[in-house]
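Student: I would like to learn how to read a protein structure. Could you walk me through one?

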Amino acid sequence: MKRFALFLFLLAMLLGACSASGQPQANGEMEATVKRVVDGDTFELATGEKVRMIGMDTPETVKPNHPVDPYGKEASNFTKELLADQKVTLKFDVEPYDKYKRLLAYVYLPDGTFVNEKLVRDGYARIMTIPPNVAHADLFLAAEREAREQNRGLWGIDGEKKAEPKKNAEKPKQEAKDAAQTPPEGKPIKGNINSKGDKIYHVPGSASYDKTNAEMWFATEEEAQAAGFRAPKR
């Protein structure tokens, strides 16, 4: 009996050590220190690992052979103010890494601020939901809609002096809109939630594809259906 009790004690200690190891794992979390911010949605840890924040996408500032997107510098500077040299909690979803070996995480400051959501709600990022990491998809969607309604950040881009022609003043807005609707690699299917709350997906080439704003992206129709979306009615 004593040997069995000792075995259980040692097993508990071993499991505790594993859970506290701080290694990234599905639906787990870890503490980390931010070394530097790469751009609005990506940063590097003191360990050298890079972290890509889940569920949102800020305008590009450092993408090779790509111009700086409208509101990109503002988003990057805002993230630097939030995260530079901070100790943060990283929480993972179903997939802790992307194909570039970057950590995929929800990021929390010591005061509890949910950084991913804040960037969306304050207008520094647009949502980019890629299954299977969808734990906070509804929260991000609500945050983006609020930012749009309040014309915050990139949703209120003016970009040009009032004295210049109106058509020029509209250019940054169109560039931001076009960037928001660029599908992530391998995820061409648009998922949209209309004013009635209906979840509808649109495949490339379909009648409403080009004029539909994507709120989620999917690789296949089966993936969209599994997330509760349906094909448009004919």
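**Reading burial and a helix**

Tutor: Of the 234 residues in the protein, 41% are buried, where buried means under 20% relative accessible area, exposed over 50%, and partly exposed in between (1.4 Å probe, protein chains only). This is a predicted model, in which local features need pLDDT of at least 70 and side-chain atom pairs count only at pLDDT 80 or more, while totals for chains, interfaces and linings use all residues. Residues are numbered from 1 along each chain as its sequence is written, and side-chain values use heavy atoms, with hydrogens and water left out.

Student: How many helices and strands are there in the protein?

Tutor: Helices (H or I, at least four residues) and strands (E, at least two) are DSSP runs, numbered from the N terminus. Here there are 7 helices and 10 strands.

Student: What span does helix 4 reach from its first C-alpha to its last?

Tutor: The expected span of a helix is 1.5 Å times one less than its number of residues. Helix 4, residues 137-149, has 13 residues and reaches 18 Å, close to the 18 Å expected at 1.5 Å a residue.

Student: Which residues of helix 4 are buried?

Tutor: They are Ala137, Phe140, Leu141, Ala143, Glu144 and Ala147.

Student: What covers the buried residues of helix 4?

Tutor: Contact means heavy atoms within 4.5 Å. The cover includes strand 6 (103-108), helix 3 (115-121), strand 7 (126-127) and strand 8 (189-193).
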